[in-house]
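Let's take a walk through this one together. Have a look at the sequence and the 3D view first, then read on.

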Amino acid sequence: MGILSSFFKTKNNENKFADLHIHTSFSDGLLTPEQVVTKAKENGLAVVAIVDHDAVAGIKPAIQSGKKLGVEIIPAVELSCIVGDNDIHIIGYCLDYKNNKLINTLNDIQNKRVERAKKIVEKLTEQGAEVEIERVLELAGNGAVGRPHIAQALLEEGHISSYDEAFWKYIGYHCPAYVPKEKLTPKDVIKLIRNFHGQAILAHPMSYNNRSTISYLIEQGIQGLEVWRPDHSENEVKYLSNLVKMNNLLATGGTDCHGGRKGKILIGEIKVPYQYVTALKHAR
Ligand code: AMP
Ligand code: FE
Ligand code: FE
Ligand code: ZN
């Protein structure tokens, strides 16, 4: 390929790629927004979506780093809701992350997370796995506190020998120290995202109990599905791509990187072609 044609391709976004699901230290990720953007650049990405649980505070610092390094930042947030037994995660992309009403709503949700963390810690004490709530909140820093911070505190105290063990032994669903989050419905969450002009996309669609959950969420107004993920098989990608086509939905993808909390820094292992970013940005 000659210099001119490669320039032309860049101009047309044809060789630009995105990872549309990355957590930062503003929720349960281990990397700061600046570190995420630096890693993204190193790993050949032109675009990253900053996706924290119930928090948008990582977006501004990411944009500042992105400007320096030439990485486009897609603002986003990952919200939780309940369907039956399932903790469903919905990502709001391209929403008005600077809106004060949105920030206040997220602050309320984050405060409820603190109350929940206290309850989980009490239950852990009953189980003989004591951790200090102060330490858990310290690990969360200025971000939304979640079970991964509790898992980290359990590890530090030597109550478990791996991060995953925390979830199957103590704090995972159906485990003795499990406490559910605030009970929003998918409709509430989709409405919240739409009110702030975002696109509501179903995160990790294959992680829920059964496939009818996906159809239910499409009925509830989900606008797209996370199709490409490191934990999706080829068949799952085919299945989800087909659902996207049949229901005229948006398709996204990303690594759901938590900065190596689950082993490895995944940023860039999923490379979504820029055309899907364009579709996401222009959807209304
Ligand atoms: P929370 O939002 O506090 O309920 O915590 C949910 C987060 O915990 C998810 O986003 C994952 O980062 C992590 N998580 C949930 N279940 C597991 C699991 N079984 N193994 C490892 N990490 C998990
Ligand atoms: Fe998480
Ligand atoms: Fe999630
Ligand atoms: Zn996530």
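## The zinc site

As background, ideal angles at a metal are 109.5 degrees for four tetrahedral donors, and 90 or 180 degrees for six octahedral ones.

Who are the donors? They are His-21 (NE2), His-23 (NE2), Glu-78 (OE) and Asp-256 (OD), lying 2.1 to 2.3 Å from the zinc ion (ligand 4). A donor here is an N, O or S atom within 2.8 Å of the metal (3.2 Å for Na, K and Ca), and water is not among the atoms, so sites may look incomplete. Along the sequence, the zinc donors follow the spacing H-x1-H-x54-E-x177-D. His-21 lies in strand β1 (residues 17-22) and Glu-78 in strand β3 (residues 72-83), so this pair ties together parts that are 57 residues apart in sequence. Helices (H or I, at least four residues) and strands (E, at least two) are DSSP runs, numbered from the N terminus.

Both of those residues are tucked away: His-21 is buried at a relative accessible area of 0%, and Glu-78 is buried at 1%. Buried means under 20% relative accessible area, exposed means over 50%, and partly exposed is in between (1.4 Å probe, protein chains only).

## About the model

Keep in mind that this is a predicted model, where local features need pLDDT of at least 70 and side-chain atom pairs count only at pLDDT 80 or more, while totals for chains, interfaces and linings use all residues. Residues are numbered from 1 along each chain as its sequence is written, chains are lettered from A and ligands numbered from 1 in the order in which they are written, and side-chain values use heavy atoms, with hydrogens and water left out.

The zinc ion (ligand 4) and the iron ion (ligand 2) are 4.6 Å apart. The protein donors of that iron ion (ligand 2) are Asp-28 (OD), His-53 (NE2) and His-258 (NE2), at 2.1 to 2.2 Å. Their spacing in sequence is D-x24-H-x204-H. There's another iron ion (ligand 3), and it sits 5.4 Å from the iron ion (ligand 2).

Asp-28 belongs to the loop between β1 and α2 (33-42) and His-53 to strand β2 (residues 47-53), so the two tie together parts that are 25 residues apart in sequence. Both Asp-28 and His-53 are buried.

## The sheet

Now for the strands: 8 of them form an open sheet in the order β7-β6-β5-β4-β3-β2-β1-β8, with mixed pairing. At its edges are β7 (250-253) and β8 (272-273), each pairing on one side only. Two strands pair if DSSP finds at least two bridges between them.

β1 is mostly covered, with 5 of its 6 residues buried. It pairs with β8 in the antiparallel sense over 2 bridges: Phe-17 partners Pro-273 and Ala-18 partners Val-272.

β3 and β4 run antiparallel, joined by 8 bridges, with Leu-79 standing opposite Ile-90. Their hairpin has 2 residues between the strands, and Gly-84 in it takes a positive phi near 55°. β4 also runs antiparallel to strand β5 (residues 199-202), with 4 bridges.

## The largest pocketThe largest pocket has a volume of about 920 Å³. Of its 37 lining residues, the closest to the centre are Asp-87, His-89, Arg-147, His-204 and Lys-262. β4 gives the most to the lining, with 3 residues. On a 1 Å grid over the protein atoms alone, a pocket is an open set of points where a 1.4 Å probe fits, with protein on both sides within 12 Å along at least five of seven lines; lining residues have an atom within 4 Å of a point. Points are joined across faces, edges and corners, and the volume is the space filled by probe spheres set on them.
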